[in-house]
Amino acid sequence: MNQQEPIRDARALGVPKMLILGLQHMFAMFGATVLVPILVNSYGLPLSIQTTLFFAGLGTLFFHVCTKMKVPAFLGSSFAYLGGFLAMANMDSGIYAGMSAAEKLQYACGGIVVAGLLYVILAAIVKAVGVHKVMRFLPPVVTGPIVICIGLSLAPSAVNNASTCWWLALVAMGIIIVANIWGKGMVKIIPILLGIVGAYIAALIGNALGATVITDAATGAVGPMLDFTAMNEAALVGFQPFISNFSGSVAKFDLSAILVMAPIAVASMMEHIGDMSAISATVGENFIEDPGLHRTLIGDGIATSLAGLFGGPSNTTYGENTGVLVLSKVYDPRVIRLAACYALVLSFSPKFAAFINSIPTAIIGGVSFILYGMISAIGVRNVVENAVDFTNSRNLIIAAVILVCGLGLEGGLTFHIGSASITLTSLAVAAIAGILLNAILPGNDFNYGKSADGAGNLGRY
């Protein structure tokens with residue numbers, strides 16, 4: 001079987017196929033992106049799905065401008081900040097005593113603005129001292145295991161979602177696998193979209209025949225496979241809250257909220273660097289060198305601050321879309337920008353958001369089985385292609401500590417400063433531990449770029 005050649009200019013496929021490819025990337029990011037506001041709403045904070053979609057699209061376009069239109073990355077909602085949102089929702093002392101949930105969200109978003117500015121500070125350091133010196137503290141023995149942790153930490157979510165209806169999740173997985181391995185032409189390029197559409201059709205048939213899904217795992221309660229109530233009640237067109245209610249959406253600033261939200265940027269910045277390494281390995285171009293890590297950090301950071309300023313969640317480079325790059329082998333950033341434009345347009349349609357939310361959780365679980373596993377596999381690939389020597393005890397210890405911290409610290413670590421609580425997620429702890437160990441332990445002979453070959457191999461030990 002011949003290996004499919006990468007497509008770096010999707011215009012050669014024609015406009016209709018490009019539009020469909022953009023749609024596939026939109027579907028890949030949509031479930032996780034809207035899941036963040038859904039979870040935050042469950043904490044009691046009214047984070048808007050429309051606002052989230054708007055700034056995912058706008059942030060992605062801004063990121064592409066900052067990176068000279070070269071990097072095929074999509075910026076979606078970051079899960080790293082969920083612990084911060086939960087902490088903010090539970091704060092009930094000082095100025096937060098008796099404060100409305102909407103106002104607490106504004107202060108949480110103020111913390112996100114500051115978190116985004118931390119990206120800019122790191123970008124300035126990279127620009128000032130050079131990416132080579134900075135990357136000596138962030139070698140593949142650190143970033144590789146972090147990327148592995150990112151994928152594996154998402155694995156329980158995929159299993160939980162799929163368990164609501166295993167046969168439907170298997171239908172989605174089966175279509176993706178068949179389309180990717182045995183498909184020809186366009187079918188091979190859009191396996192994710194085909195998996196979602198095919199499984200949704202199966203769900204429509206199952207729903208008509210009276211099939212059910214598990215709606216509450218704790219009680220074993222079941223419900224209809226599809227529920228269109230919310231879609232029927234939603235308006236076709238509607239403005240985002242920051243437009244219709246500006247004063248009630250714009251960020252507010254307080255030191256306690258900043259101390260809760262901003263430190264989480266440590267994890268998301270490491271995730272960003274890991275994702276840049278993963279995208280470089282996938283596409284076969286060294287984006288950390290060109291357009292440069294400082295540019296990608298600025299794009300991600302300012303997009304995050306802009307979203308937070310107007311009541312949206314933090315943005316982050318999305319591993320889901322990196323998984324789509326792996327499957328489709330279409331590496332043209334124009335396709336990602338099309339997905340961003342779709343997100344912008346759809347952010348003005350509450351009815352469409354409700355329709356997408358009608359996709360059964362099991363389908364999202366089936367798709368996630370493939371995508372989340374690929375994220376971890378890319379982390380393994382990053383370690384292997386950079387020839388990390390695990391016969392070296394130093395490297396073995398660093399990787400071991402990162403993996404245990406990233407996967408074993410459920411809920412992360414919480415520190416109390418006055419009346420505020422600072423929660424470092426497991427990924428943040430893993431990143432800090434890995435960076436410190438790499439800096440402290442003797443024998444760091446990693447030379448960034450020494451053997452860079454344009455295929456994502458950023459150096460050699």
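1. Helices here are DSSP runs of H or I with at least four residues, numbered from the N terminus. Arginine 295 sits in one of them, helix H14 (residues 288-309). This is a predicted model, where local features need pLDDT of at least 70 and side-chain atom pairs count only at pLDDT 80 or more, while totals for chains, interfaces and linings use all residues. Residues are numbered from 1 along each chain as its sequence is written, and side-chain values use heavy atoms, with hydrogens and water left out.

2. Staying with arginine 295: its relative accessible area is 29%, so it counts as partly exposed (buried is under 20%, exposed over 50%, partly exposed in between, with a 1.4 Å probe and protein chains only). Not counting residues up to four places away in sequence, arginine 295 touches Cys66, Thr67 and Lys68 (contact means heavy atoms within 4.5 Å). Its C-alpha atom is 9.0 Å from that of lysine 127, 168 residues apart along the chain.

3. Now the interior. A nonpolar core is a set of buried Ala, Val, Leu, Ile, Met, Phe, Trp, Tyr and Cys residues joined through side-chain atoms within 4.5 Å. The largest one has 118 residues, and Tyr81, Phe85, Met88 and Leu168 have the most contacts inside it. A second, separate core has five residues, including Phe55, Phe242, Ala307 and Leu344.

4. Setting aside neighbours within four places in sequence, its contacts are Tyr96, Lys104, Tyr107, Ala108, Ala257, Val260 and Met261.

5. Helix H15 (residues 319-328) is largely enclosed by the rest of the structure, because nine of its 10 residues are buried. Among those buried are Glu320, Asn321 and Thr322.

6. Last, a helix pair. H7 (residues 166-182) and H9 (residues 191-208) pack at an angle of about 145°, with axes 8 Å apart (axes are lines fitted to C-alpha atoms over the stretch in contact, and angles run from 0 to 180 degrees between N-to-C directions). The H7 side of the contact includes Trp167, Leu168 and Val171, and the H9 side includes Pro191, Ile192 and Leu194.

Definitions and conventions: Helices (H or I, at least four residues) and strands (E, at least two) are DSSP runs, numbered from the N terminus.
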